[in-house]
Amino acid sequence: MSEGPKPAPENPDTPGSPKPEAASPGPQMKAAAPKPPSKAAAPGTPKPEAKAAPPPLPPDQAPPADLAVPAFVAAVQSGVAGAVEQVSYWVGDWTVIVAAGRFAEVCTFLRDTPGCQFDYLSDLTAVDWPARAGKRFDLVASLYSTRLRQRVRVKARLAEDEAVSSVTGIWPAANWLEREVYDMFGVRFTGHPDLRRLLMPSDWQGHPQRKDYPLEGPGELLMESPQDWLKARQAAAEADVK
Amino acid sequence: MHTDTPLPMFDTDELVINMGPQHPSTHGVLRLVLKLDGERVIDCDPVIGYLHRGIEKLSENRDYTQIILLTDRMDYVAAATNNLGYVQTIEKLYSLEVPRRARYIRTVLSELQRVASHLLWLGTHAADLGALTVLLFGLRERELVLDLFEEYCGARLTYNTMRIGGQPVDVPPGWDRKVLAFCDVQESKLPEYEQLLTGNRIFMERTKDIGVITAADAIGVGLCGPPLRASGVYRDVRKDEPYAAYDEMEFDVPLGVRGDTYDRYLVRLEEFRQSLRIIRQAVQGIPEGPIMGKAPRLIKPPAGETYHAIEAPKGELGYFVVSDGKSVSPYRFRVRPPSLCNLQALPQLVRGHLVADVVALIGTIDIVLGEVDR
């Protein structure tokens, strides 16, 4: 797997392989975007600091210009005026990025409008982007229509302490999925009937799927009180420096 | 729930009991907090997480190839379909073309896996209802499937048998004939199960009209797989969003009418026949050619995100993967486990039924706790 320091052999493959639906401009454009800062940083600073790559930001590629926007995306753009912030497309998946305050409104629209009829909530999850200023979390709902057999993703960007209205009233399936998001990311849902932790014990501290949650092996203290463990670890690190 | 009954000696208080986490019918570590009025269930609150290993978090710190064997450990009685869903998601993220031969082999493996998973379900479901013979029959045939898997990839439970871009090994010589022979054996055994259960009066009394859920409710609560189809919803990822070689296969999607436990049994039983039909077509039609596509040696998909779903034996198994384009591990790795979404419907199903029916209803939604908790 990791033989030699050359990731070169992968590069010739990458441009050749993406075939369907004009996906190729996407990766190159995206790959080009994060390069300038790292290049600018590399010559000026000593090596150890240059090693620390800038934390990633969400890809959210814009759809290629020659690709027609499907009817359900156009319907949301015109039907819920001003809610759609961005439309993104990648390898065949359409994503509608909406304002967090209107997430539930857009979901209701997508479920009830003829031509959309997204009656099935496949998945609801979150992504943590600590590097993004102001809006830390992405809340992602994957919808499916059992009548029209189409898929769309709805995404809302949330600040760390921002609550979002629950979609359990729209799809009862969201109940446990929202509980899991609350458990793993600490995102709060207003109007949820029963917002408890789902997988972790009820007295657990911290939210494990956050990127800043410690990954190291569980000692006794970590199991009992992760916050205290974190403090102890930081104190030890500071003492080490002195 | 105090009523003005003239007999004060009857205590009509609600009783809250724990069923599990160590209960033989929960097939793992599932705790149900049942609120009872006598023998009747008023409410049910499933408590899960006993088997939580943090596979999503682990995967965000492993490279793309190492994750394949983590997916084995989710639904550990259907490891091949877990592998398939994952590798296809990464292939989609890469827009990788998988050779036709590999897609056929994957189809055979995932249908064999469906047969094995349904056999285990059939046996344990029937055993929960008191029919122990069916468990022995089911495990007997499942052994044959495991032998086929062992011959193909060397493992019997956690196969780790797919790679991003294709298949790691070709089918051994003569394997296709053995698969066909297994299909004949399995086909001949199906009437035996039916003889024991389908017309069995005890089984029918325990399953008919138990846990009825309408099509609209089933869609709303996110049921997937056989339980959703038993409510009469035509939804099969293999048909709606074909993957592997399913677009070249001929098969039917069995649907139920009433949406009760008996229908869910009939649907799965018919799925045996359809799976065998697919296996026969696929194994006879395996084309010549390479088994591995042009996958790079270092898997590092371009920045982007995708959700990809397959029809696992338990239902819609989805993977949502975000790649940042710079790292060799996914930035976000999310599994949409069918068992979790089906288990969520359990309180709705058991309300108003007897405690003994809870056992039947846990069996009918066919959960594996390794997948529920991840």
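In this predicted model, Leu139 of chain A stands opposite Ala156(A), a residue of strand β5(A). Local features are limited to pLDDT of at least 70 and side-chain atom pairs to pLDDT 80 or more, while totals for chains, interfaces and linings use all residues. Residues are numbered from 1 along each chain as its sequence is written, with chains lettered from A and ligands numbered from 1 in the order in which they are written.

Strands and helices here are DSSP runs, numbered from the N terminus (E, at least two residues, for strands; H or I, at least four, for helices). Strand β5(A) covers residues 151–158. Strand β4(A), residues 137–144, runs antiparallel to β5(A) and is joined to it by 8 bridges; two strands count as paired when DSSP finds at least two bridges between them. The two form a hairpin with 6 residues between them, and in the turn Arg149(A) has a positive phi of about 55 degrees. Strand β2(A), residues 93–98, pairs with β5(A) in the parallel sense over 4 bridges. Within that pairing, Ile97(A) has Lys155(A) as its bridge partner.

In a regular strand the side chains alternate between the two faces of the sheet. From β5(A), Arg151(A), Arg153(A), Lys155(A) and Arg157(A) point one way, and Val152(A), Val154(A), Ala156(A) and Leu158(A) point the other way. The strand is mostly covered, with 8 of its 8 residues buried. A residue is buried if 20 or more other C-beta atoms, placed from the backbone, lie within 10 Å of its own, exposed if 12 or fewer do, and partly exposed in between.

At the domain level, chain A is assigned domain 1 (71–190) and domain 2 (212–242), with bounds from an automatic or database domain assignment. Their C-alpha centres lie 35 Å apart.

Chain A also meets chain B: 45 residues of chain A are in contact with 48 residues of chain B, where contact requires C-beta atoms, placed from the backbone, within 7 Å. On the chain A side, the elements giving two or more residues are α1 (10–16), α2 (25–32), β3 (120–128), β4 and α7 (174–185). The largest share, 6 residues, comes from β3(A).

In chain B, helices α6(B) (residues 175–197) and α11(B) (residues 261–284) pack at an angle of about 165 degrees, with their axes 10 Å apart. That angle makes α6(B) roughly antiparallel to α11(B), the term used for angles over 145 degrees. Axes are lines fitted to C-alpha atoms over the stretch in contact, and angles run from 0 to 180 degrees between N-to-C directions.

Methods. Angles under 35 degrees count as roughly parallel, over 145 as roughly antiparallel, 65 to 115 as roughly perpendicular and the rest as oblique. Two residues are in contact if their C-beta atoms, placed from the backbone, lie within 7 Å.
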